[in-house]
Amino acid sequence: MDKCLLIFLLGLLIVVQGLKQEDGAYNVVPELESFEIEDDTEMEFSDDVSWMSQRGAKVLVNVDSFGAAGDGVSDDTEAFANAWDQACSNAKSVLLVPPQRTYLVNATRFKGPCAGKLVVQIDGTIIAPAEPRNWDPKNPRIWLDFSKLKGVLFQGNGVIDGSGSKWWAASCKRNKTNPCVGAPSAFTIDSSSVIKVKGLTFQNSQQMHFVISRCSSVRISQVLVSAPGDSPNTDGIHISGSTSVVIEDSKIGTGDDCISIVNASSAIKMKNIHCGPGHGISIGSLGKDNSTGIVTKIVVDTAFLRETTNGLRIKTWQGGSGYVRSVRFENVRMEDVANPIIIDQFYCDSPVSCQNQTTAVKISQIMYRNISGTTKSDKAMKFACSDTVPCSNIVLTNINLEKQDGNAEVYCNSAQGFNYGTVHPSADCLTSSVKDTDALVSKDYVLPEPGREYEDIVHTEL
C-alpha cells in the first residue's frame, strides 16, 4: 500500500474516532440554541388596561384615606398596613400611592392571599427610615415584603427609595473595622405566583433592591434600579428559588450584580437589559458552606453592559454540590467591562482565605453567542473550573472582544468545550474532552416547589 495513502487512512481513522467521542458534546448545540422560556403571566393579565379607564369597575383604596400624611417625615406605616388590608380583602381593588407625595414607611409585611385582581398603583415616593439603629429588630432583613399573592399587578411611575447611605457606611466592605452584619432588602415578593411589576423605580436600597423569592410566573418590565457604584451588596434584581421569571426592557446600575440568580431557580429570561455600573449579570454565588446549588434553563438575550467589574458571570464556592446547566448568553454588547465572560468555581467573597476543597457545583451546557465589545482586563474570557469537577460543554460562537491598549487573552483551567464561527480572542485552551464527572452530580436533586412553605429566606450576602 502506498505510504501516503496509509498515512491518510490512519489520519481519517483518528478523526472519525475523535468525532465519535465528541458526538455527545456537539449534540448539545441544537438544544442550547433553541430552548425558550415561556411567559406564563400573559394570559392572566391579557385583559388588563389602565386602571383609570376601568375606574367604575375598580375599588379605589387610597393610602391618604387611611391617614397617610405623605410629607416624608410622619410615619405612614400604619396607614399603609390598613390600606393593604382593605385592598387585599376586596376583589378588583386598586391600592393607590398618589403622585407628588413622599411616604415614610417602616419595615412591613404585606401578606396575602388577596381576593383577586389586585392592582398596586405606586405613583408617589416611598422612603425607608435612614437610621440603621432605629430599624425594627423583628424584621432585620426586609423593608417592604409582599407574600402569598397570586395575580397581582404592581405598576406606576413611583419611586421606592431605601435611604441606604448609612447602611453602606456601616458595611464591612466599606470599612473592614466594621462588623459584617446583614441589611434589609428593599422590596421583596415571596411565595407568590402570576405577578407583574411594571414601570417602577427602585433606588438606594439598604442592601438588595428587589428580591423575587420562591415565586413562579413573574414578569418584570420597564423598571429602573439605581444606586452608586460603590454601594455594597446592592444587587439590582435577585432571584432565589423561583421559576418562569421574565425581566425585560429594564435599566440597572448598582454597587453589586445587576441581576443575580441563585439556588433552586429555573426558566429565567432576561431581555433588553442595560447594566452598569455594577458587577454584571451573575448566576450565583452557589455552594457556599458546602451547600447544594441548582440553576437551570437561563437565557440572557440582548443586553448592554458598560463599565461593570464583570460581564456574564457564573460563580460558585469550593465545597458545594449540585449543578448549573442549560444556560444561553446571546446578543450582548460590552463596553469597558472587566472579565466580560467568566466562570469562577473558586469564588471566595470572604474576609479570610477559603480552603481548597474537592467537591464543587457542576457547570455544563453553557453557550455564549454573539458577544462583542471591549474588555478592561487582559483576560476577556476566564474559565476557572474545578480540577475534580471540571466544566463541560462550553460553547462559544461569534465572539469578538477587544482590549483597547493591548491583546486580550483567554484563561482555562479544567474547562472542556468547543467553538465555531468567529471566536476572538482564540479559545484554544478549551479542551475537547474531560473525564466523566456526571457521576459526581446526584440525579436526585429536585428543585423545591415555588411558593411552598419552608424555612425563612436565607441571605448569605453581607
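Me: Where is Ala264 in this structure?
Reply: This is a predicted model. In it, Ala264 sits in the loop between β19 (259-261) and β20.

Me: Is Ala264 buried or exposed?
Reply: Buried. Its relative accessibility is 4%, and the cut-off for buried is under 20%.

Me: What about the phi of Ala264?
Reply: Phi is near 65° there, a positive value in a residue other than glycine. Most residues other than glycine have a negative phi.

Me: Where does Asn331 sit, and what is its phi?
Reply: Asn331 is in strand β24, residues 321-337. Its phi is near 60°, a positive value, and the residue is not glycine.

Me: Buried or partly exposed, that Asn331?
Reply: Partly exposed. Asn331 has 33% relative accessibility.

Me: Which side chain makes a polar contact with the side chain of Asn331?
Reply: The side chain of Asn370 does, at 3.0 Å. Asn370 belongs to strand β26, residues 362-375. Asn370 is partly exposed, with a relative accessible area of 29%.

Me: What else does Asn370 touch, not counting residues up to four places away in sequence?
Reply: Besides Asn331, Asn370 touches Glu330, Val332, Thr397 and Asn398.

Me: And how far apart are Asn370 and Asn400?
Reply: They are 30 residues apart in sequence. In space, C-alpha to C-alpha, Asn370 and Asn400 are 8.0 Å apart.

Me: Where are Pro113 and Ser285?
Reply: Pro113 lies in the loop between β5 and β6 (119-122). Ser285 is in strand β21.

Me: Where does UniProt place the feature "active site"?
Reply: At His279, according to the UniProt record, which is an unreviewed entry. His279 is in the loop between β20 (265-275) and β21 (281-286).

Me: Is His279 buried or partly exposed?
Reply: Partly exposed, at 24% relative accessibility.

Me: What is His279 in contact with, leaving aside its neighbours within four places in sequence?
Reply: Gly255, Asp256, Asp257, Thr309, Asn310 and Arg313. The His279 side chain also reaches the backbone oxygen of Gly255, at 3.2 Å.

Me: Switching to Lys403. Where is it, and is it buried or exposed?
Reply: Lys403 is in strand β28, residues 391-403. Lys403 is buried, at 12% relative accessibility.

Me: Which side chains make polar contacts with the side chain of Lys403?
Reply: Asp378 is one of them, at 3.5 Å. Asp405 is joined to Lys403 too, at 2.5 Å.

Me: And what is in contact with Lys403, leaving aside neighbours within four places in sequence?
Reply: Thr375, Lys376, Ser377, Asp378 and Ala408.

Me: How many residues are in the largest nonpolar core?
Reply: There are 98. Those that touch the most other members are Phe154, Val197, Met270, Val324, Tyr368, Phe383 and Leu396.

Me: What does Phe383 touch?
Reply: Not counting residues up to four places away in sequence, its partners include Ile341, Ile343, Tyr368, Ile394, Leu396 and Leu430.

Me: What about a second core?
Reply: A separate core has 10 residues, among them Val28, Ile37, Ala267 and Val395.

Me: How many aromatic pairs are there?
Reply: The count is 14. One of them is stacked: Phe110 and Phe146, at 4.8 Å centre to centre, with 15° between the planes.

Me: What does that pair tie together?
Reply: Parts that are 36 residues apart in sequence, because Phe110 is in strand β5 (residues 108-111) and Phe146 is in strand β8 (residues 142-147). Phe110 and Phe146 are buried.

Me: Why is the pair of Trp135 and Trp167 edge-to-face?
Reply: Their planes are at 85°, and over 60 counts as edge-to-face. The ring centres are 5.5 Å apart.

Me: Where are those two?
Reply: Trp135 is in the loop between β7 (125-127) and β8, and Trp167 is in helix α4, residues 165-169. Trp135 is buried at 8% relative accessibility. Trp167 is buried too, with a relative accessible area of 13%.

Me: Last one. Which rings have a charged end over them?
Reply: Tyr323 has the charged end of Arg325 over its ring, 3.8 Å from the centre. Phe35 has that of Arg328, 4.9 Å from the ring centre.

Terms used
Residues numbered from 1 in each chain as written. Predicted model: local features only at pLDDT ≥ 70, side-chain atom pairs only at ≥ 80, totals over all residues. Heavy atoms only, no water. UniProt positions renumbered as here; feature names shortened; annotations may be inferred. Helix = DSSP H or I, 4+ residues; strand = E, 2+ residues; numbered from the N terminus. Buried < 20%, exposed > 50% of the residue type's maximum accessible area, 1.4 Å probe, protein only. Contact = heavy atoms within 4.5 Å. Polar contact = N/O pair within 3.5 Å; in protein donor to acceptor, adjacent residues only side chain to side chain. Core = buried A, V, L, I, M, F, W, Y, C linked by side-chain atoms within 4.5 Å. Phe/Tyr/Trp six-rings, centres within 6.5 Å; stacked < 30°, edge-to-face > 60°. Lys NZ or Arg CZ within 6 Å of the ring centre and 35° of its normal.
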